Amino acid sequence: MTNAMDIVKNGGSTNGSVDGNSDESRTNLIVNYLPQTMTQEEMRSLFSSIGELESCKLVRDKVSGNLVLPASLSALNPALQQGQSLGYGFVNYVRPEDAEKAVNTLNGLRLQNKVIKVSYARPSSESIKGANLYVSGLPKNLSQPDLEALFSPYGKIITSRILCDNISGLSKGVGFIRFDQRNEAERAIQELNGKTPKGYAEPITVKFANNPSNSAKAQIPPPLAAYLTPQAAAATRRLAAGALPSAGRISIGKSPMLAINKGLKR
């Protein structure tokens, strides 16, 4: 399965150079920094306004998607059962010229509080798999550019993200960094894990991102917890422990997507 580890960085996002010998390499695009509330249907609608799509995939968190939620939660927000959006996805066009137009038209488009990055994906190779890092112990006032500045000396950064509370918008002190190459991620772990960077009050933890097998633990994975209101998070924890929550007391934080660039035409 294609994923964001299969692309390279170019100007803060991904490398636009592709192998001209592959037809798919000229039609397959990676889209970074999507709003977390954006659905796959909305993503498809946006990119199909440029040209006919072969496929569209919004990448979601596997761990939170494996957590069994009560019917009342799933009914209020079906996307939760599918797993929380990781903020990136892939679109594959039928025609190379439409893919090129999408890069030129949609790269840099502002959606809600995000500016999306659209560029060409590249074929998978072993050297670029498993390069996603989980970082905790970050200062609550740390910005995404600050996070990238901390890790950029160790390699090319594909995507970065700081988890924020869905209600208050405040940082949870946790983030993710995806490098271009696994050996770059390993170098960052060696240099930063357990260390206190300049200006930080406490050491940070840097490790490879979570393993889906950890989902067996009776707790809410951090990405899903960030998406739920405190009441829904508590209800889900009780469910994981074997207690059934009251359907009438569960609420989920959900903000509708803003209208997106309706003027786009084929």
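1. A residue is called buried under 20% relative accessible area, exposed over 50%, and partly exposed in between. Cys-164 has a relative accessible area of 34%, so this cysteine is partly exposed. Cys-56 sits at 6% relative accessibility and therefore counts as buried. The model is a predicted one. The disulfide count comes to zero.

2. Overall make-up. The protein holds nine helices and 10 strands. Of its 266 residues, 48% count as buried. The accessible surface amounts to about 13,100 Å². Carbon and sulfur atoms own 49% of that surface. Take the contacts between residues at least 6 apart in sequence: 70% of these join residues at least 24 apart.

3. Strand β8. This strand spans residues 157-164. Seven of its eight residues are buried, which leaves β8 mostly covered. Cys-164, discussed above, is partly exposed at 34%.

4. The partner of β8. Which way do β8 and β9 run relative to each other, parallel or antiparallel? They run antiparallel, joined by six bridges. Strand β9 covers residues 171-179. Within the pairing, Thr-159 stands opposite Arg-178 of β9.

5. The turn. β8 and β9 make a hairpin, with six residues between the two strands. Gly-169 lies in the turn and has a positive phi of about 80°. Please look at this residue when viewing the hairpin.

6. Asp-165 and Lys-172 form a salt bridge, with the closest N and O atoms 4.0 Å apart. The cut-off is 4 Å between a side-chain nitrogen of Lys or Arg and a carboxyl oxygen of Asp or Glu. Asp-165 is partly exposed at 26% relative accessibility. Lys-172 is partly exposed too, at 34%.

7. Salt bridges in general. Side chains of opposite charge can pair when their charged atoms come close. The count for this model is four salt bridges. Which residues are linked in a network of salt bridges? They are Glu-52, Arg-95 and Asp-98.

8. Glu-52 bridges to Arg-95, the closest N and O atoms being 3.9 Å apart. Glu-52 lies in the loop between α1 (40-48) and β2 (53-60), and Arg-95 in the loop between β3 (85-93) and α5 (96-106), so the pair ties together parts that are 43 residues apart in sequence. Glu-52 is partly exposed, with a relative accessible area of 41%. Arg-95 is also partly exposed, at 32%.

9. Second link. Arg-95 meets Asp-98 in a salt bridge, at 2.8 Å from N to O. Is Asp-98 buried or exposed? At 9% relative accessibility, Asp-98 counts as buried.

10. Ser-48. This residue is found in helix α1. Ser-48 is partly exposed at 23% relative accessibility. Its side chain reaches the backbone oxygen of Ser-45, at 3.2 Å. Ser-48 and Asp-98 are 50 residues apart along the chain, and their C-alpha atoms are separated by 9.4 Å. Asp-98 is the buried member named in the previous point.

Terms used
Residues are numbered from 1 along each chain as its sequence is written. Side-chain values use heavy atoms; hydrogens and water are left out. Buried means under 20% relative accessible area, exposed over 50%, partly exposed in between (1.4 Å probe, protein chains only). Helices (H or I, at least four residues) and strands (E, at least two) are DSSP runs, numbered from the N terminus. Two strands pair if DSSP finds at least two bridges between them. A disulfide is a pair of cysteine sulfur atoms within 2.5 Å. Contact means heavy atoms within 4.5 Å. Accessible areas come from the Shrake-Rupley method with a 1.4 Å probe; for residues, only the protein chains shown count as cover. A polar contact is a pair of N or O atoms within 3.5 Å; within protein, one must be able to donate a hydrogen and the other to accept it, and residues adjacent in sequence count only if both atoms are side-chain atoms.
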